[in-house]
Amino acid sequence: MEQDRRERQNGESGANRRSPGKSDIIIWAAVIIIGAALLLVFLLTRKPGAYVIVSVDGKETARYSLSDSVDTMIHGYNGGTNHLVILDGEACLTEADCPDRLCVKQGRISQVNDSIVCLPHRVSVHIVAADSDAPDAVVSYGEVIP
């Protein structure tokens, strides 16, 4: 009885709650289907990368093939260092002397447009395709020219 009085005061009585109707179920099903379709498209259109581009302070400092085995130190902004390892078609930063080490926690990358960024050292490691030197399109006065 005390519980019923508290529920009435808080507006949480069982009579005020409604069960999910047919339209609620249809909306949730549609959201789940659309989300699954977008995830599937995203996963199926990913391409494996060919090169790793290393940039420091916005300038490309090195380019490595993902098929090579590389173990090198990147000298970043203000003397910071990051340890880059490329092995088995994947690149990762294994060590860094930045305060948060978020770049190390980003893990391995291998797909086109994957990136690892170290903001304190202004280091960027980016995966590109084999034909990355060619532009996707040229924009001229609002028109796209292939």
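## Rings, strands and a buried valine

Let's start with the aromatic rings: the count of aromatic pairs here is zero. A pair of this kind is described by how far apart the ring centres are and by the angle of the planes. Keep in mind that you are looking at a predicted model.

Two arginines sit over tyrosine rings, as the table shows.

| Arginine | Ring below | Distance to ring centre |
|---|---|---|
| R63 | Y51 | 5.9 Å |
| R122 | Y77 | 3.6 Å |

**The sheet**

Now for the strands. An open sheet is built from three of them, in the order β3-β4-β5, with antiparallel pairing. Its edge strands are β3 and β5, each of which pairs on one side only. From one strand to the next, the twist averages 25°.

How many bridges hold β3 and β4 together? The answer is six, and the two strands pair in the antiparallel sense. Within this pairing, I74 stands opposite N82 in β4.

**The core**

The largest nonpolar core has 21 residues. Which residues have the most contacts inside it? They are V52, I74, L84, A91, C103 and V125. Several elements supply at least two residues each to this core, including the strands β1 (51-56), β3 (70-75), β4 (81-87) and β5 (90-96).

**A closer look at V52**

Is V52 buried or exposed? Its relative accessible area is 0%, so V52 counts as buried, for which the cut-off is under 20%.

What does V52 touch, once residues up to four places away in sequence are set aside? Its contacts are A62, R63, Y64, L66, I86, A91, V125, H126 and I127. One of these, R63, is the arginine whose charged end sits over the ring of Y51. Two others, A91 and V125, are listed with V52 among the residues with the most contacts inside the core.

Finally, compare sequence and space: V52 and V128 are 76 residues apart along the chain, yet their C-alpha atoms are separated by 6.4 Å.

How values were computed: Residues numbered from 1 in each chain as written. Predicted model: local features only at pLDDT ≥ 70, side-chain atom pairs only at ≥ 80, totals over all residues. Heavy atoms only, no water. Core = buried A, V, L, I, M, F, W, Y, C linked by side-chain atoms within 4.5 Å. Buried < 20%, exposed > 50% of the residue type's maximum accessible area, 1.4 Å probe, protein only. Helix = DSSP H or I, 4+ residues; strand = E, 2+ residues; numbered from the N terminus. Phe/Tyr/Trp six-rings, centres within 6.5 Å; stacked < 30°, edge-to-face > 60°. Lys NZ or Arg CZ within 6 Å of the ring centre and 35° of its normal. Pairing = 2+ DSSP bridges. Axes fitted to C-alpha atoms, helices over the stretch in contact; angles between N-to-C directions. Contact = heavy atoms within 4.5 Å.
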